[in-house]
Amino acid sequence: MKIKIKECAKDLKNWSLYKLAKELGLPQQTVYSWASGRTQPSYENMDKLCEIIGCNIGELFEAEAVQQKLNLRNLF
């Protein structure tokens, strides 16, 4: 499942991933890795991320794939 870190940071705070990493106190590469889907944040970092950006966990996740599956099921 893709995390929309870059989109949420930009939309809610007008921050780049670099700025977000600085605010989180984490290496820039860690945040870039989350945004690209190579790794996932720990629960602790997910809570910190939501608090700093000002969103909930549901807003961070890409729901499009789930919605597409639901729509496909309704066709059959």
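Contact here means heavy atoms within 4.5 Å.

## About the model

This is a predicted model: local features need pLDDT of at least 70, side-chain atom pairs count only at pLDDT 80 or more, and totals for chains, interfaces and linings use all residues. Residues are numbered from 1 along each chain as its sequence is written, and side-chain values use heavy atoms, with hydrogens and water left out.

## Ile52 and its partners

Ile52 lies in helix 4. Helices are DSSP runs of H or I with at least four residues, numbered from the N terminus. Set aside the neighbours of Ile52 within four places in sequence. Ile52 is then in contact with Lys13, Trp15, Leu20, Glu23 and Leu24.

Take Leu24. In sequence, Ile52 and Leu24 are 28 residues apart. In space, their C-alpha atoms are 7.5 Å apart.

## Helix 2 against helix 3

Two packed helices are described by the angle between their axes and the distance between the axes. Helix 2 covers residues 17-24, and helix 3 covers residues 28-36. They pack at an angle of about 120°, and their axes are 8 Å apart. Axes are lines fitted to C-alpha atoms over the stretch in contact, and angles run from 0 to 180 degrees between N-to-C directions. Helix 2 and helix 3 are therefore oblique to each other. Angles under 35 degrees count as roughly parallel, over 145 as roughly antiparallel, 65 to 115 as roughly perpendicular and the rest as oblique.

Which residues meet? Helix 2 brings Leu17, Tyr18, Leu20, Ala21 and Leu24. Helix 3 brings Gln28, Val31, Tyr32, Trp34 and Ala35. The residues of this contact divide into nine nonpolar, one polar and no charged. Ala, Val, Leu, Ile, Met, Phe, Trp, Tyr, Cys and Pro count as nonpolar, Asp, Glu, Lys and Arg as charged, and the others, Gly among them, as polar.

Val31, Ser33, Trp34 and Ala35 in helix 3 are buried. Buried means under 20% relative accessible area, exposed over 50%, and partly exposed in between (1.4 Å probe, protein chains only). The buried residues of helix 3 pack against helix 1 (5-13), helix 2 and helix 4 (43-53).

Side chains of opposite charge can pair when their charged atoms come close. A salt bridge is a side-chain nitrogen of Lys or Arg within 4 Å of a carboxyl oxygen of Asp or Glu. The count comes to one salt bridge. Glu23 and Lys19 form a salt bridge through their side chains, at 2.8 Å from N to O. Being four residues apart in helix 2, Glu23 and Lys19 are separated by about one helical turn.

Glu23 is partly exposed, at 36% relative accessibility. Lys19 is partly exposed too, at 34%.

Terms used
Helix = DSSP H or I, 4+ residues; strand = E, 2+ residues; numbered from the N terminus.
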